[in-house]
Amino acid sequence: MGYVTHQKSIEYLYNSSALLLVIPEIEGNKSILTGKLFEYLAAGKPIIGIGPKDGDSAKIIQECEAGKCFDYNQEKELKEFLEKVIELNSKFQINKEALERFTRRNLTKELHYILS
């Protein structure tokens, strides 16, 4: 597909059935949080995370019931989850109350509080 604009990537995101978030297998990867994670949460689609299962991204995905994270070698479990996502189709529901904590507005409020 090649490079697409941010606007086009958001369009693809909202038209997807599930979203893949890969955290690289590098030192310190447990604390990696990407902007992509928050875009994925806002889209309300199931997130398939590959990376440290006890990392910060995995904890947020779990808290919001937004999908599932898998370690780099959990192929069988990943396949089973994909089958479940396909079975659920559009019936997948993120925990909206938990998700509210991670909106830009609320994260900015938290940052303001910390810096005050």
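## Strand β2

Buried here means under 20% relative accessible area. By that cut-off, in this predicted model, strand β2 (residues 47-50) is covered on both faces. I47 and G49 are buried on one side. I48 and I50 are buried on the other. In a regular strand, side chains alternate between the two faces of the sheet.

## Strand pairing

β2 pairs with two strands, β1 and β3. Strand β1 (residues 19-22) runs parallel to β2, with four bridges between them. Here L20 stands opposite I48 of β2.

Strand β3 (residues 67-70) is also parallel to β2, again joined by four bridges. On this side, I47 has G67 of β3 as its bridge partner.

## Crossovers

Two β-α-β units share strand β2. One consists of β1, α2 and β2, and is right-handed. The other consists of β2, α3 and β3, and is right-handed too.

## Helix packing

How do the helices of these two units pack, and at what angle? Helix α2 (residues 35-43) and helix α3 (residues 56-63) pack at about 10 degrees, with their axes 11 Å apart. Angles under 35 degrees count as roughly parallel, so α2 is roughly parallel to α3.

The contact draws on L37, F38 and L41 in α2. Their counterparts in α3 are S57, I60 and I61. By class, five of the contact residues are nonpolar and one is polar. None is charged.

Key:
Residues numbered from 1 in each chain as written. Predicted model: local features only at pLDDT ≥ 70, side-chain atom pairs only at ≥ 80, totals over all residues. Heavy atoms only, no water. Axes fitted to C-alpha atoms, helices over the stretch in contact; angles between N-to-C directions. Parallel < 35°, antiparallel > 145°, perpendicular 65-115°, else oblique. Contact = heavy atoms within 4.5 Å. Nonpolar A, V, L, I, M, F, W, Y, C, P; charged D, E, K, R; others polar. Buried < 20%, exposed > 50% of the residue type's maximum accessible area, 1.4 Å probe, protein only. Pairing = 2+ DSSP bridges. Right-handed = clockwise from strand over helix to strand, strands pointing away.
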